[in-house]
Structures are given as C-alpha cells and as structure tokens.
Amino acid sequence: MKIIKIFTMTIAILMLMSGCKVNNIKNNSGAANTNGNTNKSCSIEKIDIISGSKNVNHLYRVNYPYSYVIFDEKAKKDGRKTHIDLDYQIKREDISAEDVDYILNYVATLPDNYKFGTDLTYDVSIRYTDESGESIYLNKRSSEQFPSGWDDFVDKLNEIFGEELLTKNKEIQAVTPEFLTELFGVTDDDVKDGTLQNVIDSQFIDLIKLNDSFQINEMLSRYYASTKEELIEPYRPKELISIDSTDDEYDKFVLKYLDKIGYDISLEKDSDQEYFRYFRDDETRKYFYIAKTSDIDKLPTVYDDLFGYQMALDAHMEDMTFTVEFIYNSDKKFILVPIDNDPDFILPFVE
C-alpha cells in the first residue's frame, strides 16, 4: 500500500509540474500579457487553509477568495467564530502562472499525516481547474511540525490575500480549557456534570471543528446529553409502538410532565405539525412536541440504519422535511420530540 501511495503522489506531482505553463498572449492593446494567468493550463478556484500557528489575533482560517475567521469579543457573546469578508489583493484570474505552479506543487508535496485527536498543524484545501478544464480538489493535513518551505508558502498566500493574515509562528495552538475560556469566556462552572476538558475530549474539539460550524453552547449541551445517554437510551425506539390512550390520560400526562420541568400549560402554542401538541418558551427558546403513540400510523417516521427510528417533520418548504429523534415515556403511550435533546427535558418525560 505504501508503494502505491508513493507512486500515486509522484504521478500527481509530475502532472502538476508538467502543466500550468504560461504562454504570452496579446491583450487588447496588442502588447504581450504575462502579468495575469488568463491563458495558463491551470487556475486556482479556492484556497481554504487552517493554520495551527499560535497568534494573538486568534485568526486560524482563511478561505480565499471569500473570508477569514477570527475569534473576537463577539465570539464571547455569540459562542462562535466571526466571518470577515476577504478584501483580497489579487483576484483568482490574476494570480500569475508561476505562483499557481508554485502553490499547487508545494501543496502536492506537503506531508499528509494528521493523527486524529492531536493538535492540528495545518489543513490546506485547494480546488483548481486543470489543463483539461476538470475541477480537482487537493487536501493535506498534518499534526507534526511545519515542513520546510512553509514560511515562503505563507508569505506567498498573504501576498495574494492582500494582508498578513497567516502568521509564521512555529508554536502550535493546542485546544485546551484555557483556550476555550480565552475564546468564549466559558469555564468549568458552565459545564454540567464535568469540566471543559471533558467537553474537549468527548466532543473531539480541535481547530478544524472550532473553525467550522461550531457553537460552544451546542458543545456543552452535547456533552451533558452524552453523560445522561445511558439513562435515556432504553426509551429510544427500537420498534414502532402503538398503545391506545384516552384524551383524559393524555391531558393528565402532559400536565404532570410540564409540572416536572417547571412549564405551564399556557406555553402550549398552535402546533405547526399535525397530530402533535407544541410547547415553546419564547424566553429560553426551548420547544418540543408531544404526541400519542396511538397516532403512530398518522405520524411521519423514517428509518435509518445508522440512527434508528427518527421523525420526519414538515419543514414548511415545498416537499421538504427535517428528521428529529424522539423517545417514548415509561409505558410507551406517549412520544416526546425534544428538538435540542436536552436531558433536563427528556429525563422527566421517561420517569
């Protein structure tokens, strides 16, 4: 397998080096044009790079030509990264053929040796169009030291970006409890039944996840849910069950459940889903649905081999649904659809 991988990489490098050449063409004035890259065989569509280089600006990702990501004071309020539009210096079509060749060849030779669960050194993704017009995706990740030539690569990218966004500090930013506190203002006191280190370990938080669709509050909730899953799992549907219940039983159960979670019947709203009762607290933005299992033939359900049974609720867009998990109460007469899977809402339902 190693021989095949080395052979494949060698072929890829040779293909890159053999193409993407600039030939002088005439511009509208009749003069030779070698500044842009309008006639080269290869052209760059996108450069998306996450660098683990530690920096005071908390800027680790640049997605050229669209935006870059920072963790500023706003992140402490929103619990997520902030996107800043990239005011790039050089347009994609104006990147010189020489620079395209350099970038593609350098990325092709980068070590691709990322080990899951370790601190990220870099994650470089490039989409480019080759000489035949085919769009090709190239990705390299590593958790080892920055390779030879990295500083020159960073300088070239910053030149294209139009400002010094990426740094050349060789110290790798580790994702630690202190780092999460620095980014989002959270501490161990914000973690139910655990610590920030527990959250990092159980949710596999690294720089890739932090710079993607990450929300710290969601991670805290997911961690807490994982600590209670052993208690909840027996009530997740292994098969679809239908047990008759009266409206009076249904009303009494709902009132008892609402009392357990500190809700009032006044929080019931007109349901946007058929056969469900709908409860929403506008202040906390918590909401959920309750239904009878005797309505199971009317309820939309889907089966997924990976996740088991899930509800397919109406997304109120043409021919679209969204799937959510659901659970049974202890006697399997009623169904709870907890939109955010908060154990503090689920456990009282199954008790």
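Predicted model: local features only at pLDDT ≥ 70, side-chain atom pairs only at ≥ 80, totals over all residues.

Trainee: Which class does His 316 fall into, and what makes it so?

Mentor: The relative accessible area of His 316 is 48%, so His 316 is partly exposed. His 316 is placed in strand S13 (residues 308-317), whereas His 58 sits in the loop between strand S3 (43-51) and S4. Helices (H or I, at least four residues) and strands (E, at least two) are DSSP runs, numbered from the N terminus.

Trainee: What is the phi of each of these two histidines?

Mentor: Phi is near 55° for His 58 and near 60° for His 316. Both values are positive in a residue other than glycine. Most residues other than glycine have a negative phi, and most peptide bonds are trans.

Trainee: Where is there a cis peptide bond?

Mentor: The cis bond joins Tyr 64 and Pro 65, with omega at about 10°. Pro 65 belongs to the loop between strand S4 (59-64) and strand S5 (67-70).

Trainee: How do you know on which side or sides of helix H5 its buried residues lie?

Mentor: In H5 (residues 177-184), the buried residues are Pro 177, Phe 179, Leu 180, Leu 183 and Phe 184. They cover an arc of only 160° around the axis, the arc being that of the directions from the helix axis to the C-beta atoms. They are therefore on the same side of H5. Their packing partners include S4 and helix H6 (196-203).

Trainee: What makes the arrangement of H5 and H6 parallel or perpendicular?

Mentor: Their axes come within 8 Å and cross at roughly 100°. Axes are lines fitted to C-alpha atoms, for helices over the stretch in contact, and angles run from 0 to 180 degrees between N-to-C directions. Angles under 35 degrees count as roughly parallel, over 145 as roughly antiparallel, 65 to 115 as roughly perpendicular and the rest as oblique. H5 and H6 are therefore roughly perpendicular to each other. The contact, meaning heavy atoms within 4.5 Å, involves Pro 177, Leu 180 and Thr 181 of H5 with Leu 196, Gln 197 and Ile 200 of H6.

Trainee: What is the corresponding term for H8 and H10?

Mentor: Helix H8 (216-232) and helix H10 (residues 343-350) pack at about 10°, with axes 10 Å apart. That angle makes H8 roughly parallel to H10.

Trainee: Why do S6 and S8 stand at the edges of their sheet?

Mentor: The open sheet has six strands in the order S6-S5-S4-S3-S7-S8, with antiparallel pairing. Strand S6 (82-85) and strand S8 (135-142) each have a single partner strand, so one side of each is left without a neighbour in the sheet. Two strands pair if DSSP finds at least two bridges between them; S5 and S6 pair over four bridges.

Definitions and conventions. Residues numbered from 1 in each chain as written. Heavy atoms only, no water. Buried < 20%, exposed > 50% of the residue type's maximum accessible area, 1.4 Å probe, protein only.
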